[in-house]
Amino acid sequence: MNPFYRKPKPETMKNNREIARTQYKEEMEWLKDNLGILSKTKNKFMIEMYTILVSGGRKITPKMADAIKNGIERCKNNPKFNPLLQTEVKAKLQPILEKIAMVERLAEQKNDKALGFIQNVKEYVKNNYRVTKKQMEALNKVYKRCSEDLFKDE
């Protein structure tokens with residue numbers, strides 16, 4: 001804590017809270033509803049902005065207001081925060097997860113060294129609702145290696 005920091009007076013904090021309640025009502029409601037998800041995803045900035053809005057410890061500057069609105073919009077477009085998007089993205093990712101499971105079974109049968117990698121990719125896809133191009137390329141390499149090995153044993 002800065003030794004030269006002076007805490008605002010209670011009247012100032014009350015005034016800041018009233019301004020926040022009137023001007024940023026929708027933002028405060030959304031932040032309150034999604035506070036658990038924000039803390040689970042470790043979005044410290046949005047949590048800090050919510051505490052400032054609720055406590056009135058600081059005045060909300062126009063730059064802060066823009067940052068809050070942009071952060072909320074970004075979160076609304078993220079499947080982690082939006083249940084409608086979440087179901088849509090899960091439906092899109094279902095075939096990919098099935099392919100990952102198939103490659104995982106092949107790797108288990110062959111006792112392949114990439115088994116841990118496949119499990120990490122599977123967890124990543126489930127948690128972040130997306131798969132990168134490089135991950136798919138690597139999974140394809142593992143699939144080719146494991147499927148070639150199937151015919152060598154005969």
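Mentor: Start with tyrosine 129, which is buried because its relative accessible area is 14%, and buried means under 20%, with exposed over 50% and partly exposed in between (1.4 Å probe, protein chains only). The model is predicted, so local features need pLDDT of at least 70 and side-chain atom pairs count only at pLDDT 80 or more, while totals for chains, interfaces and linings use all residues. Residues are numbered from 1 along each chain as its sequence is written, and side-chain values use heavy atoms, with hydrogens and water left out.

Trainee: Where is tyrosine 129 found, and what is its phi?

Mentor: Tyrosine 129 sits in the loop between helix H7 (115–128) and H8. Its phi is positive, about 55°, although the residue is not a glycine.

Trainee: Lysine 42 has a positive phi too; how large is the angle, and is the residue buried or exposed?

Mentor: The phi of lysine 42 is about 60°, and lysine 42 is not a glycine. Its relative accessibility is 68%, over the 50% limit, so lysine 42 counts as exposed. Lysine 42 lies in the loop between helix H3 (35–40) and H4.

Trainee: How many helices and strands does the chain have?

Mentor: The chain has eight helices and zero strands. Read from the N terminus, the elements run α-α-α-α-α-α-α-α.

Trainee: What makes the chain more spread out than a compact globule?

Mentor: Its radius of gyration is 24 Å, while the globule rule gives 15 Å for 154 residues; 24 Å is well over that, so the chain is more spread out than a compact globule. The radius is taken over C-alpha atoms, and the rule is 2.2 Å times the number of residues to the power 0.38. Along the principal axes, the C-alpha trace spans about 85 × 40 × 20 Å. Of the 154 residues, 29% count as buried.

Trainee: Why are H4 and H5 called oblique to each other?

Mentor: The axes of helix H4 (residues 44–55) and helix H5 (residues 62–76) cross at roughly 130° and come within 11 Å. Axes are lines fitted to C-alpha atoms, for helices over the stretch in contact, and angles run from 0 to 180 degrees between N-to-C directions. Under 35 degrees is roughly parallel, over 145 roughly antiparallel, 65 to 115 roughly perpendicular, and the rest oblique. H4 and H5 are therefore oblique.

Trainee: Which residues of H4 and H5 meet?

Mentor: Contact means heavy atoms within 4.5 Å. On the H4 side they are Phe45, Met46, Met49, Ile52 and Leu53, and on the H5 side Met64, Ala67, Ile68, Gly71 and Ile72. By class, this contact has nine nonpolar, one polar and no charged residues. Nonpolar covers Ala, Val, Leu, Ile, Met, Phe, Trp, Tyr, Cys and Pro, charged covers Asp, Glu, Lys and Arg, and the others, Gly among them, are polar.

Trainee: At what angle do the axes of H2 and H5 cross?

Mentor: Helix H2 (residues 25–33) and H5 have axes that cross at roughly 45° and come within 11 Å. That makes H2 oblique to H5. Glu27, Trp30 and Leu31 in H2 meet Ile68, Lys69, Ile72, Cys75 and Lys76 in H5. This contact has five nonpolar, no polar and three charged residues.

Trainee: How do you know that phenylalanine 81 is buried?

Mentor: Its relative accessibility is 11%, under the 20% limit, so phenylalanine 81 counts as buried. Phenylalanine 81 is in the loop between H5 and helix H6 (83–110). Leaving aside neighbours within four places in sequence, its contacts are Trp30, Asn34, Ile37, Leu38, Thr41 and Cys75.

Trainee: What makes valine 142 buried, and which residues does it touch?

Mentor: Valine 142 is in helix H8, and its relative accessible area of 5% is under 20%, so it is buried. Not counting residues up to four places away in sequence, valine 142 touches Val103, Asp112, Ala114 and Ile118. Valine 142 and glutamate 104 are 38 residues apart in sequence and 9.3 Å apart in space, C-alpha to C-alpha.

Trainee: Is glutamine 135 buried or exposed?

Mentor: Glutamine 135 has a relative accessible area of 14%, so it is buried. Its place is in helix H8 (residues 133–152). Leaving aside neighbours within four places in sequence, glutamine 135 is in contact with Val121 and Tyr124.

Note on methods: Helix = DSSP H or I, 4+ residues; strand = E, 2+ residues; numbered from the N terminus.
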